[in-house]
Amino acid sequence: MDDTATDRFDTSRFEASRNRLASLAYRLLGSAADAEDTVQDAFLHWQATDRQRIKVPEAWLTKVVTNLCLDRLRSAHARRERTVGAWLPEPLLDGDPMLGPADTFEQRESVSLAVLTLMERLSPLERAVYVLREAFSHSHAEIAEILDITESASQQHLHRARRRITAARPRGGEVDPASARRIVEEFLAAASSGRTERLVALLTDDATAISDGAGLTKTLLRYDTAQRIAAIARAGFKPTPAKRRLAGGTPAIHYAIVNGAPAILFVIGDQVIGAVTFDITDGKIATVRGIAAPTRLTRLTEAWRQREPDTPLITQW
């Protein structure tokens, strides 16, 4: 095999692992853009190394991507951005290959916006061990090799990570899709019509709402009581000429699944300008997240353009 054929073969081996590597990087970083950059960096490492000495390419690439992600998580910029509370995970539309693997409840949960947010409470090593074990089913021996730690240390990191996430994550398991849609549609109808009492009834007593302020604020906006969330939702979902000017037109509102959770998308033409996701517990809404910063919606918009949307919940908001 000549050098050109070898390069093509080695490139195809990397490409066969690209989606898996991107999914790993996304879980570790919570950002699709950063995950894509990290995988591209890994490709450059792959090209620069003596590939004939790599016995198991998949294992080698997993180690490279994981450690590149750890470097990003430990960087001064990442610590500064995430410490001040100006960060939410980047939402991904259902079916995006970056969300895989998704065969088990643990794998699906590990890519939910709720757990991606909770993983911010973990150290970079705890986060890496948790993702490698829960989402990719690596043994502690494999994780020890990837992270250059002992198996005992891997077990300890996993124990601490599970304890912290379990203590803080929403109650309950997966929600029936039909029930989830009904609850979201009721929320949208109540918010659009200004029915505060109905909004409060749809929220848990300890409900939380979080918004990125469309990227216009330096920190996240947080609301922590059902009454306050209902008031904000009633005001926020009421269309006005000023809001339409700010949005750049009159959006349609579509129902969607984002990171495994029910969501509504504000869409103008083929551009998603806002996403609101919902965590549902025991038939009520526990968390509302509003994401409208354009840089956080790039990949979601690209995925949206690839599918035929269903009938919008609201044709002209």
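The lining of the largest pocket divides into 27 nonpolar residues, eight polar ones and five charged ones. Here Ala, Val, Leu, Ile, Met, Phe, Trp, Tyr, Cys and Pro count as nonpolar, Asp, Glu, Lys and Arg as charged, and the others, Gly among them, as polar.

A word on where this comes from: the model is predicted, so local features need pLDDT of at least 70 and side-chain atom pairs count only at pLDDT 80 or more, while totals for chains, interfaces and linings use all residues. Residues are numbered from 1 along each chain as its sequence is written, and side-chain values use heavy atoms, with hydrogens and water left out.

Back to the pocket. On a 1 Å grid over the protein atoms alone, a pocket is an open set of points where a 1.4 Å probe fits, with protein on both sides within 12 Å along at least five of seven lines; lining residues have an atom within 4 Å of a point. The largest pocket holds about 1,100 Å³ of space, a volume being the space filled by probe spheres set on the points. Its lining has 40 residues, and Ser211, Ala214, Gly236, Gly274 and Ala292 lie nearest the centre. Among the elements that give two or more residues to this lining are β1 (203-211), α12 (226-236) and β6 (284-291). Helices (H or I, at least four residues) and strands (E, at least two) are DSSP runs, numbered from the N terminus.

Which strand gives the largest share of the lining? That's β5, with six residues. Nine of the eleven residues in β5 are buried, meaning under 20% relative accessible area. The strand also has two antiparallel partners, β4 and β6; strands pair if DSSP finds at least two bridges between them.

Elsewhere, Arg51 sits in the loop between α2 (32-48) and α3 (57-74). Is Arg51 buried or exposed? It's buried, because its relative accessible area is 14%. The side chains of Arg51 and Asp10 are joined by a polar contact of 2.5 Å (a pair of N or O atoms within 3.5 Å; within protein, one must be able to donate a hydrogen and the other to accept it, and residues adjacent in sequence count only if both atoms are side-chain atoms).

How values were computed. Buried means under 20% relative accessible area, exposed over 50%, partly exposed in between (1.4 Å probe, protein chains only).
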